[in-house]
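Q: How should I read the features of this model, one at a time?

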Amino acid sequence: QPDDRGLIGEVPVLRVTRRGPEALHFVPAPLEPGAAVVLSLDWNRRFDHMQQHSGQHLITAIAEQMFGFKTTSWELGRQRSVIELDTPSMTAEQVEALERSVNEKIRERVPVTVRELAADDPEIETVRSRGLPDNHAGPVRVVDIEGVDSNMCCGTHVSNLSDLQVIKLLGTEKGKKNKTNLVFLAGNRVLKSIEQSHSTEKALTSLLKNGPGEHVEAVKRLQSSVKLLQKNNLNLLRDIAVLIARDFKSKPVRSQLFVLHRKEGDSEFMNIIANEIGTEDTLLFLTVGDEKEAGLFLLAGPVEAIENLGPRVAELLGGKGAGKRGRFQGKATKMSRRGEVQALLQEFISHRSPEA
């Protein structure tokens, strides 16, 4: 169970941990030894932990009674909690039956009590436990859910199962080898989850222009439309790439350097242009993506030239890439430096011998 938080006087408690029988409080400022202070507990945090922890005890006990599933560990998370059960699987019907049973116990207002036993008390052997910590000191604390469970525990708990309000089992996830993780919410977390779901539902109703019962079908239709648009867009980009290359090749006098940037595009778009133009006599520098941020680049041309220039271009663009057979391509983080790359390539061309 996570530690409590709050104030010591006006000083916030950042963390609490245990060392033997002592609780160590971590604070951002020193406290005066011997001073009288008021301790203020973050009650919302404490009560939330109480609900989740008592809920775990109840679920664990009922799961073992109903199905023989033992709890091997559990985690009290910030948004949801998980119980690891010693079973390779759990059916939806079992989850439903377990949820129904634990909520029946909540409605029965079963008391929850705490008692302390001496470490050598033989009664400890009758209490469910995973053992004591090596540095344990003092009496052993036992939490009893009347008629349901007795469990060795040092956590904070409600005094009656009715304080849990309700438990919602969110289903199972695959755990470690031959284990199943059961996900649950208890108490106020259930209310918060419903509130969040309702807010999401209202937002989707407004965006999709239909009722909650039609949201799934509406999203499926949108997904189909997006896939079709993406396919059409890809085909158009391919056509544009071919036209760009043909336009360049149709010029009576071709430049030794071809530079092009397009915000919309991908690696395939650049490679189509490079394939159509050919790189025997022309040096190509192609980029796609945001003009001032990140994107993709392709440098193509004579093999020796690309081997020389590729790493330098990648460095200028703040990116990484790889090359083979006259092409060097990769990702860039500084597309705003395309002008510097163009200047580098222009200088390289101007210094090439006629034979090159």
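A: Start with one residue. In this predicted model, Asn 178 is partly exposed, with a relative accessible area of 48%. Asn 178 sits in the loop between β11 and β12.

Q: What is the phi of Asn 178?

A: First the general idea. Most residues other than glycine have a negative phi. Asn 178 has a positive phi of about 60°, although it is not a glycine.

Q: Where is Arg 109 found, and is Arg 109 buried or exposed?

A: Look in the loop between α2 (92-107) and β8 (112-117). Arg 109 is exposed there, with a relative accessible area of 54%. The phi of Arg 109 is positive too, near 55°.

Q: Which residues of α3 are buried?

A: An α-helix has 3.6 residues a turn, so residues three or four places apart point the same way. In α3, the buried residues are Arg 189, Val 190 and Leu 208. They cover an arc of only 95° around the axis, which puts them on the same side of α3. Lys 192, Glu 195 and Lys 202 are exposed on the other side.

Q: What do the buried residues of α3 pack against?

A: Their partners are helices and strands. The helices are α1 (43-67) and α4 (215-249). The strands are β6 (71-76), β7 (81-85), β11 (167-174) and β12 (180-186).

Q: Now the nonpolar cores. Which residues touch the most other members of the largest one?

A: The largest nonpolar core has 29 residues. Leu 58, Ile 59, Leu 98, Ile 167, Leu 169 and Leu 182 touch the most other members. At least two residues of this core come from each of α1, β7, α2, β9 (140-145), β11 and β12. The largest share, seven residues, comes from α1.

Q: Which residues does Leu 98 touch?

A: Leave out residues up to four places away in sequence. Leu 98 then touches Ile 59, Ile 62, Ala 63, Met 66, Phe 67, Met 90, Leu 169 and Leu 182. Another core, of 20 residues, lies apart from the largest one. Among its members are Phe 285, Leu 316, Phe 328 and Ala 332.

Q: How many aromatic pairs are there?

A: Judge a pair by its ring centres, which must lie within 6.5 Å, and by the angle between the planes. The count comes to four aromatic pairs. Take Phe 297 and Phe 328. Their ring centres are 6.2 Å apart and their planes at 25°, so the pair is stacked. Phe 297 lies in strand β15 (residues 295-300) and Phe 328 in strand β17 (residues 327-332), so the pair ties together parts that are 31 residues apart in sequence.

Q: Are Phe 297 and Phe 328 buried or exposed?

A: Phe 297 is buried, with a relative accessible area of 0%. Phe 328 is buried as well, at 9%.

Q: What feature does UniProt place at residues 140-183?

A: The record is an unreviewed entry, and it gives "domain: Threonyl/alanyl tRNA synthetase SAD". In the model, this span is 0% helix and 50% strand. Its end C-alpha atoms lie 29 Å apart.

Key
Residues are numbered from 1 along each chain as its sequence is written. This is a predicted model: local features need pLDDT of at least 70, side-chain atom pairs count only at pLDDT 80 or more; totals for chains, interfaces and linings use all residues. Side-chain values use heavy atoms; hydrogens and water are left out. Buried means under 20% relative accessible area, exposed over 50%, partly exposed in between (1.4 Å probe, protein chains only). Helices (H or I, at least four residues) and strands (E, at least two) are DSSP runs, numbered from the N terminus. The arc is that of the directions from the helix axis to the C-beta atoms. Contact means heavy atoms within 4.5 Å. A nonpolar core is a set of buried Ala, Val, Leu, Ile, Met, Phe, Trp, Tyr and Cys residues joined through side-chain atoms within 4.5 Å. UniProt positions are given in the numbering used here, feature names are shortened, and annotations may be inferred rather than shown by experiment. Rings of Phe, Tyr and Trp (its six-membered ring) pair if their centres lie within 6.5 Å; planes under 30 degrees apart count as stacked, over 60 as edge-to-face and the rest as tilted.
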